Amino acid sequence: RLVSEVPEDLDVALLAVTAALRAGDTDTARRVSLQVLTPKLGSTALQAFLDRWARYGPPRGFAAEAARLAASAPAEQKIVYATYLNRTGAPAEAAQLVARNASLPVTAENEDANVVLATSLALRGQNDAALQRFNQVLE
């Protein structure tokens, strides 16, 4: 309820999500998260919310919502969502999110997308392709 009264207070929302997840109340955590996870939210704040889901939520507990929200998110947020999807066992979805931005050659603008893509490849057992991509990032 407090989150509804002060929707711009991300600290309150993050505490509410954390408490709900730790109590096993994923419905409340999902509802509060969806109120604040907008394309306007900064990447650091987005990462904090998704980190709580990865740490305290059920496995893949927010993966479907994360993939859906990422579809309309700016490129910077797509990286954060894709990283979360990699962490929670959805590397194919993560790779889809960043594939467009993970172009070659690797540049400063696309290196994060390439790292996420390489991680997705590794998590799917495509080790040679992952290693090749990681090496291209490091060159």
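This is a predicted model: local features need pLDDT of at least 70, side-chain atom pairs count only at pLDDT 80 or more; totals for chains, interfaces and linings use all residues.

Modeller: Residues are numbered from 1 along each chain as its sequence is written, and side-chain values use heavy atoms, with hydrogens and water left out.

Biologist: Why is Asn86 called buried?

Modeller: Buried means under 20% relative accessible area, exposed over 50%, and partly exposed in between, with a 1.4 Å probe and protein chains only. Asn86 has a relative accessible area of 9%, and is therefore buried. Its place is in helix 6, where helices are DSSP runs of H or I with at least four residues, numbered from the N terminus.

Biologist: Which residues does Asn86 touch, not counting those up to four places away in sequence?

Modeller: With contact meaning heavy atoms within 4.5 Å, Asn86 touches Pro91, Ala94, Val116, Thr119, Ser120 and Leu123.

Biologist: What makes Gly57 buried?

Modeller: The relative accessible area of Gly57 is 18%, so Gly57 counts as buried. Gly57 lies in the loop between helix 4 and helix 5 and touches Leu21 and Arg52, residues up to four places away in sequence being left out. From Gly57 to Ala20 the C-alpha to C-alpha distance is 9.2 Å, across 37 residues in sequence.

Biologist: Why is helix 2 called roughly antiparallel to helix 3?

Modeller: Axes are lines fitted to C-alpha atoms, for helices over the stretch in contact, and angles run from 0 to 180 degrees between N-to-C directions. The axes of helix 2 and helix 3 come within 8 Å and cross at roughly 155°. Helix 2 is therefore roughly antiparallel to helix 3, given that angles under 35 degrees count as roughly parallel, over 145 as roughly antiparallel, 65 to 115 as roughly perpendicular and the rest as oblique.

Biologist: Which residues of helix 2 and helix 3 meet?

Modeller: Leu10, Ala13, Ala16, Val17, Ala20 and Leu21 in helix 2 meet Thr26, Thr28, Ala29, Val32, Ser33 and Val36 in helix 3.

Biologist: What is known of the largest nonpolar core?

Modeller: A nonpolar core is a set of buried Ala, Val, Leu, Ile, Met, Phe, Trp, Tyr and Cys residues joined through side-chain atoms within 4.5 Å. The largest has 39 residues, of which Leu37, Phe62, Tyr81, Leu85 and Val98 touch the most other members. Among the elements that give two or more residues to this core are helix 2 (10-22) and helix 6 (75-87).
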